Each structure stands twice: as structure tokens, then as C-alpha cells.
Amino acid sequence: MVFSLVPPFPFVILFFLLLFKLIRRYASPPSRINPPPPPTLRLPPGPWQLPLIGSLHHLLLSPFRDLPHRALLEMSRAHGPLMLLRLGAVPTLVASSAEAAREVLKTHDLAFCNRHLSATISILSSGGQGVMFSPYDARWRELRKLCALELFNHRRTLSFRHVREEEARRLVSSISGESAAAGPVNLSEKMSCVVNDVVVRMAIGGRCRHRDEFLRELDEVVRLTGGFNLADLYPSSPLVRRLSKAARDMERCQRNLRRIIGSIVDERAAAMPVPEREEDLLAVLLRLQKEGGLQFDLTNEILSTVIFDVFGAGSETSSTTLEWAMSELIKNPRVMRKAQHEIREAFQGQAGHHLTEDSMDKLTYMHLVIKETLRLHPPGPFLLPRECRETCQVMGYDVPKGTAVFVNAWAIGRDSEYWDDAEEFKPERFQSSGVDFRGADFEFIPFGAGRRICPGMALGLTVMELVLASLLYHFDWELPGGVKPEELDMAETFGITVRRKSKLCVHAKPHVRQPSNVKFS
């Protein structure tokens, strides 16, 4: 559910829907008027509401209306860390403190472990067929177990080390070639491509010839989930859904993405059995599909949705985090120099100047840089929205069944109650701190917590560490046009993740050149 400024046409629809509702309300006998909630229900506080649109006007009139994670933080300061809104027809609970997050993600985790599917996300996920957006049921529990035991276990993550190292070298070679032309490098695009290539090779065992088309469609998905559309606000109305351009556009994106992934699945299924080698993720799923033994039928639709979850979530969240990490480092030269000094000392004399994962444990400060980036820029500012499965009490308030739940991880990561100089980029804050992002410390939850914590967390971190270390080891970075580091534009744009509003284009000055005889598969 997202809330950027609506275009004029939806306002016209809203006007007529409001008029229709008012006519029905006041032209109907009293028995047909919906009764108010039971007086004994103690609902969480929230701003005053209007008929039909609920709390939307507060968001639309906010100076942060295009950045709902910021707008909801401002509203929570007025109404409290646990706040109840109504966004169109959707009751929505917003948790904006570590205490509120703990109640939702731990104390009452079972009550809130369903996913809230907006209309557009339902289209994208084929009604929640995969891991990310599935309802909490026996099928999801077995899929989650499959992820832990088969897809993202430590042994399989290590088995793809050569893929990650090769793609990191390819990235360095590509940047070296462009830097020779003395022009700025579009680092946002470079990082997006390398992360996607790594994830796709681990997922399907090779490159995707439709990579550029896939990334274009993924960009469109991020844009659509950042747009305010009527289908998400009134999900029970078939008329609204038919009139929603966002829903139609998402259906087109979903068809194209399914076509790309479906062609990959069909090709691999026809080529089975897999040669004697370490299985990629798709091979594991195809083997399990063939052997059976699961408590549900692993259909091609479910299999394709799981692969899309890996493609989309794995590439989008990691590349977005890397984009913000490099932005913060460029904006803070002291931190950049300190991180580069550590990396260059650790890898000094490395054969062929190739960075390898087995040496990553020599690094300390760079890991702190990644943690600080995740604190200030969690890739999913609201995590993935949950839904209340059964009415329960949170912090003394009643939360009705069916309520959508947003945990504002972005706001919690910047809360001065938990963080000194909360808006400053200071990796050193984690140096003597036991606070970590693995779901036990609720002031720092970029990957979520509880049953629905991100299953691919370790894999994503491994990719980010090697790519970031390679960029800092091989190059010195500066902004084009004489722009000073403190002047770097850090504006955001909102979607299913929060990206930079403008691409990060910078000059790369080679510090350690990669040998020219490097070969890639």
C-alpha cells in the first residue's frame, strides 16, 4: 500500500463513489445502515477520518506526501507509536517504535504473520503463490522450510562463491573500461546489473538473455508500487479494479515477467536431469517437483513465483542497499577513506588483485558501513506489510481481524531514543554495540523479525560485501562537475523499496588496476 499524489481522474471517481455512498446511506432505512463498532472495542489512536477516503487526506496534505515513510513518522509524533488509519476501505495499523514493533513481530507474531495483499501485489504474486506474499498456512511453512534446508543453506551459499567473485571482477573490468574515457560512471546501473547477474546465475545456473527486459519490468513494478491507486484502496470493488490503470499496468508487468521466468523454467525442465555439479536453485525446485514428497503440489506457477521472489527481492534489495552505501561513503569522505584503508591493507599483495570471499573475515569496518547503511536506508521502509489474522490486543489497544499492519522500520532506525545523532552516518556506533539485524533487536530490523524474517538475508549480505569491497579496493571516487561531497543529492523516491531519486553518477579513478588478461565465463 502506497500513497503518492493522485492524478485528477481518480479524484473524479472518488467524488462519484462518495456521492453514491452518501445517497445510499441517507436514502436507506435505518436497518440497512452499518452499525458502528462495538463500544467496548478500544482502538489505537489516529487522526480524524472522512467518509469513504478515511485518513487519506492527512497523507495527501503532508509535505512528505510522496514519501509515506516520512509522512507516517510525522503523524505518529502526533498520535503515538501505534496508530490506526483507514486508507480508503483498508484499516491500517502503523507501528513506529521498537516497542510497538516487538509487540507485532514477536509478542503477537502468530496473530500478525499473514501477508497483507494489496490489489497490485496480489496481481504480481499470483495471489500470494510464492514465499514473500503467501498467507501463513501449511504450504507457506513447508516453502519456508524448503528455503532454509535446500535453497539458502550455508553449504549452497558457499557453492556459488565462484559466481559472486567472477561477477565482481566483471564489474571492476567494466568500470575500468568506462573510466578510461574520463566520463562519469552510472554506478546505480552498474550495481543493479551486477547484483541481478549474480542472483540470476545462482538461481538458474547461467545468464538470463532477457536480463535488460527483466530489469525494465522490475523498475516498472517498483514505480507501480510507489503510485497511489484506487484498486489498492478499495480492493473489494470489481468496478474500481477495472478502472485502475495501475492494476492494468501491473497485469502487463506480471505477464511479461512470468513469460521470461516461464521460458527459463521450461528450458531447464526439458534439459533435466542436471549434470553432475552443484545444483542451482531452479534445479533444486525441479528435482523436488519431480520427486514429490511435499505436502502440496509444487506446480509450475508456484515454482515460477518462488523464482521470481528470488530474482526480484534478491536483486532489488541488495542493489538498493549498495546504492545508498556508496552514496553515504561519497558524502562522508572520512568514512570512505577509513573503509578503503582497511580493505587495501587487508588485500595488499593479493594474487592478481582479485578479491575473494575467504578473505572477507579480515574486514571489520566495512561490515559496520553496511550495518549503518541498513539502519539509515532499510531497503523496505515498511518491511512487507502484514495482516491481523485474529483480533488481539497490542499495547493495550484492540486490533481488529483483517487490519493491514505496517512496521515503519525506516522511522525506528532513525529514532533518537535508540540512536545518538540518529541522522548522522556513523558506522563506529556499531563498534562496541551488540545490536544486530537478525531479528532480536527491534530498534534495528531492516530484514524484519519473527516467522516472516527475510530467508535470503545471509545470501544478500554475502553479495553486498564482495561488491562493495571490490568498488572501494579498486577505485577512488569523486563527484562530477566539481560538486562537493556534502552537496550530493540524497533525495529518495518511494516504491516497494526506497531508491535514490537520481542515479548515482560518479568519476572512478583506478587505484589498483585489474589485470587485462582476466577471462570471464
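How many residues apart are E167 and R170 in helix α8? They lie three residues apart, about one turn of the helix. This is a predicted model. A search of the whole structure finds 37 salt bridges, and zero disulfides.

**The sheet**
- Three strands form an open sheet in the order β4-β12-β9, with antiparallel pairing.
- β4 (185-186) and β9 (475-478) stand at the edges with a single partner strand each, so one side of each has no neighbour in the sheet.
- Two bridges link β4 to strand β12 (residues 505-510) in the antiparallel sense.
- N186 has C505 of β12 as its bridge partner.
- Helix α8 (residues 161-179) lies across β4, β9 and β12, at about 55° to β9.

- C253 is buried, at 0% relative accessible area.
- C505 is partly exposed, at 32%.

- E167 and R170 form a salt bridge, with the closest N and O atoms 3.6 Å apart.
- E167 is buried at 1% relative accessibility, while R170 is partly exposed at 25%.

**Salt bridges across the chain**
- R209 pairs with E267, and their closest N and O atoms are 2.8 Å apart.
- This pair links distant parts of the chain, 58 residues apart: R209 is in the loop between α9 (187-204) and α10 (211-224), and E267 is in helix α13 (residues 245-271).
- R209 is exposed at 62%, and E267 is partly exposed at 40%.
- R252 forms a salt bridge with E220, with the closest N and O atoms 3.6 Å apart.
- R252 lies in α13 and E220 in α10, so the pair ties together parts 32 residues apart in sequence.
- R252 is partly exposed at 30%, whereas E220 is buried at 18%.

Definitions and conventions. Residues are numbered from 1 along each chain as its sequence is written. This is a predicted model: local features need pLDDT of at least 70, side-chain atom pairs count only at pLDDT 80 or more; totals for chains, interfaces and linings use all residues. Side-chain values use heavy atoms; hydrogens and water are left out. Two strands pair if DSSP finds at least two bridges between them. Helices (H or I, at least four residues) and strands (E, at least two) are DSSP runs, numbered from the N terminus. Contact means heavy atoms within 4.5 Å. Axes are lines fitted to C-alpha atoms, for helices over the stretch in contact, and angles run from 0 to 180 degrees between N-to-C directions. A disulfide is a pair of cysteine sulfur atoms within 2.5 Å. Buried means under 20% relative accessible area, exposed over 50%, partly exposed in between (1.4 Å probe, protein chains only). A salt bridge is a side-chain nitrogen of Lys or Arg within 4 Å of a carboxyl oxygen of Asp or Glu.
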